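Morning, everyone. Please look at the model on the screen, and I'll walk you through some charged pairs and a ligand.

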Amino acid sequence: MQDKALLDPFGRRITYLRLSVTDRCDFRCTYCMSEDMVFAPRAQILTLEELYSVADAFIGLGVRRIRITGGEPLVRRNLVDLLRRLGAREELEDLSITTNGSQLAQLAGELRAAGVSRLNVSLDSLRRERFAAFTRRDRLDQVLAGIAAARRAGFRRIKLNCVVQKGRNDDEVQELVAFAVEQGLDISFIEEMPLGSISSHERKVTLCTSEEVRARLAERFMLLPSSYRTGGPSRYWQVAGSDTRVGFISPHSRNFCSDCNRVRVTAEGKLVLCLGHEGALDLKSLIRRHPGDAGRLRAALIDALRLKPERHHFEADQQVQVVRFMSMTGG
Ligand code: SAM
Ligand code: SF4
């Protein structure tokens, strides 16, 4: 019974939840947020207890991997309390966090002790001015110190996430891979998606496809196809002569929907069945109307899965396709 619980109409089994714990962030990356973002009032954000009840319902329905994201998850106060509770759940095979790295220097040890198994750290450039232009914050050193702290805390195979834009950092991808190899990290290159209205750049002009990135990397590195998968949408290649894996997340150039195994819950408690569609189900109202009613929550999740779309259709020439910013949905 449980095995069938989270099956969508296209036969895909949902085993992976991305749970956003805040829409707030200490950075303002140009592809993700506008400079003057308005964040949700705190009362609209799920409490840590509510976040746990959502995670618990998904675990009860067969979810085995949870990625905590945001906004910047590590700016959420007392997040470690939630992580400890999730880290203690034996059913979970993987509890990971996607972070901008700004708080890692302080928190890496606590995250590791709480049971977090993997970290993804976003890093678009190793050059100070460029980093500041991407994030609108001059904090490259803080992020590099965070990565070093995470390695010291014992995190293995930390993965860098890098959004590549033409004319902004596409000439730096070799340097980024060399850094990953030197530091014993993995790295994924991401095609920018048309989520949220932004004014800093024209997305169709800056779009750099995974194939273009791979061609640049092939000039310097030998990339061997790898069967490694993390349950996410990356396809991986191994850098010959190193432990480093290079992943490509290609929402434009390669549609990865057919093997989609994931759903997202926003910090406001909206269940998002597909990143590329506006539709979302309001779990917060249900949880607040019926606090502690785990059965009702599970039934609502099973029911909602019937509405999971078959695929997204991102168009390269569209500046905005989904009004929701990535920081609201949770990357
Ligand atoms: N603040 C954390 C961070 O930056 O890693 C977690 C949340 S962030 C929304 C998650 C990931 O989404 C980041 O790696 C970021 O680069 C990516 N992202 C944000 N907006 C994007 C967009 N429009 N297209 C593609 N990736 C995006
Ligand atoms: Fe913040 Fe992450 Fe979005 Fe950058 S990508 S603004 S760090 S939520």
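One term before we start: buried means under 20% relative accessible area, exposed means over 50%, and partly exposed is in between (1.4 Å probe, protein chains only). By that rule Arg216, at 33% relative accessibility, is partly exposed.

Now the ground rules. This is a predicted model, where local features need pLDDT of at least 70, side-chain atom pairs count only at pLDDT 80 or more, and totals for chains, interfaces and linings use all residues. Residues are numbered from 1 along each chain as its sequence is written, chains are lettered from A and ligands numbered from 1 in the order in which they are written, and side-chain values use heavy atoms, without hydrogens and water.

What does Arg216 pair with? Its side chain forms a salt bridge with Asp170, 3.6 Å from N to O. A salt bridge here is a side-chain nitrogen of Lys or Arg within 4 Å of a carboxyl oxygen of Asp or Glu. Asp170 is buried, at 11%.

Next pair: Asp186 and Arg157, 2.9 Å from N to O. Asp186 is buried, at 2%. Arg157 is partly exposed, at 25%.

Arg84 is partly exposed, at 45%. So is Asp81, at 39%. In total, the count is 20 salt bridges.

Now ligand 1. One of its nitrogen atoms is 3.0 Å from a polar backbone atom of Gly71. An oxygen atom of ligand 1 lies 3.2 Å from a backbone N or O atom of Thr99. That's my tour.

Conventions. Polar contact = N/O pair within 3.5 Å; in protein donor to acceptor, adjacent residues only side chain to side chain.
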